[in-house]
Amino acid sequence: MGTTDTGAIDPIEAIGNIAGKYNLWFHLDAAYGGFFMLCDEIKQRIKGMEKADSIVMDPHKGLFIPYGSGALIVRDKAHLAKSQYYTANYMQDAKASVDEISPAEVSPELTRHFSGMRLWMPLKLHGVKSFRAALTEKLLLARYFHDQISKIPGYEVLNYPELSVVAFRYIPKDMDTDSFNKKLVEEVQKDGRVFLSSTIVNDRFTIRLAVLSFRTHLETINLTLQILSEKISEVFKSIS
Ligand SMILES: *Cc1c(COP(=O)(O)O)cnc(C)c1O
């Protein structure tokens, strides 16, 4: 549910139906895309999510909270207890209460920090409305970037953003496209004002804009477009 490379969403309902028919475990990787379900239009796109046996969602991505806050949601917690629970003589005083499950019994770590606090506190302080608004802004920013860059001659844009990722490359005339784009993304990263990453899609080197910081607003996207245009000229100059 939201690939890392391009933010593409698979047909979740159809896959869920097949998994159900053949009695297969249906896991949803929603690490990046999951929290966009707070936005109504994305909620429509991800029908079938409720069929999943397990889902990963990263609050440290879609809820902008500190790293180390990944979440796994499992329909039947007995599976987790079966695979993760262990005991030892020295743990006899830490016996679990019958009705409250301890995170230590359903996951690999025993002694652990209070990671739930990082998630609970911002939700309590800001309310879910703020997160919905911020995520909607990120969707709109990715679309805005897509629309702007599609209008500029020379760019090839791979996808209309389903979520907040746009993959694109610049096609220079009479030059190797992969090496040009490698150089281009390097120059943007060296500049340091914005960070763009890269990936390989269909064997081709591709630059990706991933909008998922609460600090990224319209100015940052406009600045990115400006930096790209500066760096394209510089790369051309350095080559000729
Ligand atoms: C980031 C990401 C992961 C890995 O999650 P971590 O929290 O970094 O371990 C897995 N799947 C997708 C789709 C991701 O975007």
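Me: How many aromatic pairs does a search of the whole structure find?

Reply: That search turns up 8 aromatic pairs. A pair of aromatic rings is described by the distance of the centres and the angle of the planes. Here, rings of Phe, Tyr and Trp (its six-membered ring) pair if their centres lie within 6.5 Å; planes under 30 degrees apart count as stacked, over 60 as edge-to-face and the rest as tilted. Before we go on, keep in mind that this is a predicted model: local features need pLDDT of at least 70, side-chain atom pairs count only at pLDDT 80 or more, and totals for chains, interfaces and linings use all residues. Residues are numbered from 1 along each chain as its sequence is written, and side-chain values use heavy atoms, with hydrogens and water left out.

Me: Why is the pair of tyrosine 155 and tyrosine 170 called edge-to-face?

Reply: Their ring centres are 5.2 Å apart and the planes stand at 85 degrees, so the pair counts as edge-to-face. Tyrosine 155 sits in strand S4 (residues 155-157) and tyrosine 170 in strand S5, so the pair ties together parts 15 residues apart in sequence. Helices (H or I, at least four residues) and strands (E, at least two) are DSSP runs, numbered from the N terminus.

Me: Are tyrosine 155 and tyrosine 170 buried or exposed?

Reply: Buried means under 20% relative accessible area, exposed over 50%, partly exposed in between (1.4 Å probe, protein chains only). With 14% relative accessible area, tyrosine 155 is buried, and tyrosine 170 is buried too, at 13%. Both also belong to one aromatic cluster, formed by Phe145, Tyr155, Phe168, Tyr170, Phe180 and Phe236.

Me: In what order do the 4 strands of the open sheet stand?

Reply: Two strands pair if DSSP finds at least two bridges between them. The order here is S4-S5-S7-S6, with antiparallel pairing. S4 and S6 are at the edges with a single partner strand each, so one side of each has no neighbour in the sheet. On average, neighbouring strands are turned by 40 degrees against each other, direction ignored. Axes are lines fitted to C-alpha atoms, for helices over the stretch in contact, and angles run from 0 to 180 degrees between N-to-C directions. S4 and S5 are joined by 3 bridges, and glutamate 156 stands opposite arginine 169 in S5.

Me: Which strands of the sheet does H6 touch?

Reply: Contact means heavy atoms within 4.5 Å. H6 packs on the sheet through S5, S6 and S7, its direction making about 30 degrees with that of S7. H7 lies across S4, S5 and S7, at about 25 degrees to S5.

Me: Which residues of H6 are buried?

Reply: They are Thr177, Phe180, Asn181, Leu184, Val185, Glu187 and Val188. These cover an arc of only 155 degrees around the axis, which puts them on the same side of H6; the arc is that of the directions from the helix axis to the C-beta atoms. Their cover includes strand S5 (165-170), strand S6 (197-201), strand S7 (204-210) and helix H7 (218-239). After H6 comes glycine 192, with a positive phi near 85 degrees.

Me: What about the open sheet of 3 strands: what is its order?

Reply: S1-S2-S3, with mixed pairing. Strand S1 (27-30) and strand S3 (71-74) take the edges, each with a single partner strand, so one side of each is left without a neighbour in the sheet. The twist averages 15 degrees from one strand to the next. S1 and strand S2 (residues 54-57) pair in the parallel sense over 4 bridges, and histidine 27 stands opposite serine 54 in S2.
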